[in-house]
Amino acid sequence: MATSHKTNRRAFIANTVKGGLAAGVGLSAAAPLLQSFTTKENFMPVNFATGFDQQPLPYAYNALENVIDAMTMELHYSKHAAAYSKNVKDAAAAEKVDITKPLEDVLANISKYSAKMRNNGGGHYNHEMFWQCMRPKREGNAPTGKLLAAIEKEFNSFDNFKKQFADFGKNRFGSGWAWLYINKENLITIGSTVNQDNPLMDIAEIKGFPLLGLDVWEHAYYLKYQNRRADYIDAWWNVVNWDYVQQRFDKMG
Ligand code: MN3
C-alpha cells in the first residue's frame, strides 16, 4: 500500500508541475507524510490529504493581477490564511489532535471539537485548496474532458453551471464559500457554506468532497471590487485552475 501511495504521490507531483504550478505545491520539507486515512466513510482520496502547516503560494502575489490584485493576495495569504493555520495548530495542541494526521480526519468529525477548531480548521483547509484552484488568467478558460462532460450532464451547459455556481456565491449572505463538489450519491453538484465551513464537515449544510471552492468573504475582493461581489465572481472564472479541479475529480472517479 505504501508503494502505491508513493507512486500516486509522485504522479500527482509530476502532473502538478506539468500543469504549470510551481514545484512543491502542497509539499514542504517539514510536511508530515499524512499516510493515514481514517476519515469517516473513506471519502477522501489520499493524494489530497491536507496538513496543518500553510504551504507556499503556488504563484507570485501579482500573478492573478487584473482579477485579484497583489495587495489583496498578499494580505489574504500572509495575514488571513496564515492566521487560520496558526490558530488551527493552537486548537489542535489544546484539544490533543495529532497534527501528523490529515486535517480531513478532524473536519469529518468537527462536531466533536471546539468552535475555534471548526473556524480555523475550515479556514486553513479552504484556503490551501483555494490557492491551488487558481492560476494566471487564461482566455476562454474552461474545463475539458470528463469533467466538462460531467458538468454538462448535470447543468446542461458550462455557462449554465457558471451562472448557478455564481448565484450561490452572490446569494451567500455575509461570509462563506461557494462549492463545486461530489456529493454522497457520487454526483457532481454545487452549493454554499457559511463562514469557513466546507462540505467535508459533518455539520456542514452540504456534504461531500470539494472539487472547486470560491471564497466570497469580503477580504477576498473588497480592495479591488468593494461591494461588487458579482463582478469579482465574474472575473474569477478567468483564473480557475481547471487542471487542478480535474485532478480532484479524477481521484473520485
Ligand atoms: Mn479568505
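In this predicted model, 10 residues line the largest pocket, and A150, N186, L187, I188 and F249 lie nearest its centre. The space in this pocket comes to about 180 Å³. Two helices, α5 (145-155) and α9 (242-252), each supply at least two residues of the lining. The largest share comes from α5, with 3 residues. Sorted by class, the lining of the largest pocket holds 6 nonpolar, 2 polar and 2 charged residues.

The axes of α5 and α9 are 9 Å apart, and the packing angle is about 80 degrees. Angles of 65 to 115 degrees count as roughly perpendicular, so α5 is roughly perpendicular to α9. On the α5 side, the contact is made by K146, L147, A150 and I151. On the α9 side, W242, V245, Q246 and F249 take part. By class, this contact of α5 with α9 has 6 nonpolar residues, 1 polar and 1 charged. A150 and F249 are among the residues nearest the pocket centre, and both belong to the contact of α5 with α9.

Helix α2 spans residues 70-94 and helix α4 spans residues 115-132. Their axes come within 8 Å and cross at roughly 135 degrees. The two helices are therefore oblique to each other. The crossing of α2 and α4 is left-handed. From α2, the contact draws on M73, H76, Y77, A81, A83, Y84, S85, N87, V88, D90, A91 and A92. These meet K116, M117, N119, N120, G121, G123, H124, H127, F130 and W131 in α4. The residues of this contact fall into 11 nonpolar, 9 polar and 2 charged.

Helix α6 covers residues 158-171, and helix α8 covers residues 229-236. The axes come within 10 Å, with a crossing angle of roughly 145 degrees. The crossing of α6 and α8 is right-handed. In α6, the residues in contact are F165, A166, G169 and K170. Their partners in α8 are R229, A230, I233 and W236. The contact of α6 with α8 has 5 nonpolar residues, 1 polar and 2 charged.

Definitions and conventions:
Residues are numbered from 1 along each chain as its sequence is written. This is a predicted model: local features need pLDDT of at least 70, side-chain atom pairs count only at pLDDT 80 or more; totals for chains, interfaces and linings use all residues. Side-chain values use heavy atoms; hydrogens and water are left out. On a 1 Å grid over the protein atoms alone, a cavity is a set of points where a 1.4 Å probe fits but cannot get out, and a pocket is an open set with protein on both sides within 12 Å along at least five of seven lines; lining residues have an atom within 4 Å of a point. Grid points are joined across faces, edges and corners, and a volume is the space filled by probe spheres set on the points. Helices (H or I, at least four residues) and strands (E, at least two) are DSSP runs, numbered from the N terminus. Ala, Val, Leu, Ile, Met, Phe, Trp, Tyr, Cys and Pro count as nonpolar, Asp, Glu, Lys and Arg as charged, and the others, Gly among them, as polar. Axes are lines fitted to C-alpha atoms, for helices over the stretch in contact, and angles run from 0 to 180 degrees between N-to-C directions. Angles under 35 degrees count as roughly parallel, over 145 as roughly antiparallel, 65 to 115 as roughly perpendicular and the rest as oblique. A crossing is left-handed if the near helix is turned anticlockwise from the far one by less than a right angle, and right-handed if clockwise. Contact means heavy atoms within 4.5 Å.
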